[in-house]
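Biologist: Could you take me through how the helices pack in this one, and then what sits in the core?
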Amino acid sequence: MKLHYGLLLAFCIIGGVSAFDSFDEAFAAGIQAQKEGRLDQAVIYFKQAEDRAKTPDEKYKVLITRANHYRAEKEWVEAERTLEKIIKAEGMDPVLVATARIHQVHNIRFQGKLPEAAAAYIALGEQADLPPGIRANALLDAGVLLRSMNKLDEALAALRKVESIPEAPVNFVADAGVAASAILIDQKKYGEAGKTAEKVLSMKGVPVYAAAAAIFNRGRLYFEQQRYPESIAAYRQVYELKGASQHQLRMADLYIADNYFAQKDWKQAGEFYEKAARSSFDWCVRKATAQLEKIKAMKDAE
């Protein structure tokens with residue numbers, strides 16, 4: 001790889017590509033080259049930025065960018081070597097070192113080695129000397145990954161460990177609760193799912209996006225039990241959620257419409273699908289539009 005860099009650097013010098021005096025100039029040039037698809041030049045600029053880094057933070061900034069570049073190009077060996085530079089760098093913030101270790105596990109996952117990645121996430125989450133946010137993040141990633149592998153009990157076990165981490169950030173605890181609630185709905189454990197969603201909503205400082213997700217889970221669990229009035233009432237709580245985004249509001253419209261559609265109340269369903277169709281989220285628009293067409297066809301058939 002050193003020879004490869006040497007050849008590229010010689011090419012850049014001969015070809016008139018700049019060598020930079022400062023970290024900021026080299027890093028900015030690397031980002032720009034990356035955006036323009038000049039990937040070999042981007043690597044050279046990032047290497048120049050690394051050589052000019054004067055602080056651990058600057059070194060981390062360029063190395064994590066390079067590692068992500070290699071991951072996108074599926075150059076796994078180089079990605080690993082670059083992350084190891086962060087981990088072994090003198091004076092590096094322990095949080096940044098731990099973040100690099102999370103990225104190492106991401107690379108295992110992106111190579112399709114899912115059981116190995118899940119085990120590695122859990123191992124990081126159980127390592128008591130790591131920062132609470134890193135541990136919580138790792139366990140959350142493990143839970144989401146295990147759910148995608150349909151290992152629901154293992155996913156729940158990982159997610160439930162998050163709230164037991166001392167000083168775990170509330171956003172990770174809330175995210176874990178939302179994910180656990182969704183899994184419990186998958187398992188048709190509706191009572192437990194409802195309690196888990198309510199626990200998220202009662203958290204002090206819960207982020208708006210997590211509160212909305214917990215409300216959506218409550219609506220879903222009632223919908224699956226055909227308890228339509230309760231489902232509609234749950235989804236309507238999103239309207240009262242301070243700071244709810246337009247996307248969240250339109251998704252609430254969509255789910256309320258689904259409840260009316262299930263009850264064959266075409267008028268109410270149509271009104272809410274029309275609201276949902278004004279979303280900026282393509283999936284929401286497509287679903288609402290398709291349902292409106294179904295309603296029209298049903299009315300025409302009558």
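Biologist: At what angle do α13 and α14 pack, and how far apart are their axes?
Modeller: In this predicted model, α13 and α14 pack at an angle of about 170° with their axes 9 Å apart, the axes being lines fitted to C-alpha atoms over the stretch in contact and the angles running from 0 to 180 degrees between N-to-C directions. That makes α13 roughly antiparallel to α14, a term for angles over 145 degrees.
Biologist: Which residues make the contact?
Modeller: With contact meaning heavy atoms within 4.5 Å, α13 contributes Y228, S231, I232, Y235 and R236, while α14 contributes A252, Y255, I256, N259, Y260 and A262.
Biologist: OK, switching to α15: which of its residues are buried?
Modeller: In α15 (residues 266–276) these are W266, A269, G270, F272, Y273 and A276, where buried is under 20% relative accessible area with a 1.4 Å probe, protein chains only. Their cover includes α13 (228–236), α14 (246–262) and α16 (282–301).
Biologist: And the largest nonpolar core, which members touch the most others?
Modeller: Of its 70 residues, L159, V200, V206, F216, V238, L254 and Y273 do; such a core is a set of buried Ala, Val, Leu, Ile, Met, Phe, Trp, Tyr and Cys residues joined through side-chain atoms within 4.5 Å. Helix α10 (residues 170–186) gives the most to this core, with ten residues.
Biologist: What does L254 touch?
Modeller: Leaving out residues up to four places away in sequence, L254 touches Y273, A276, W283, C284, K287 and A288.
Biologist: Which caveats apply to the model?
Modeller: Local features need pLDDT of at least 70, and side-chain atom pairs count only at pLDDT 80 or more, whereas totals for chains, interfaces and linings use all residues. Residues are numbered from 1 along each chain as its sequence is written, and side-chain values use heavy atoms, with hydrogens and water left out.

Conventions: Buried < 20%, exposed > 50% of the residue type's maximum accessible area, 1.4 Å probe, protein only. Helix = DSSP H or I, 4+ residues; strand = E, 2+ residues; numbered from the N terminus. Parallel < 35°, antiparallel > 145°, perpendicular 65-115°, else oblique.
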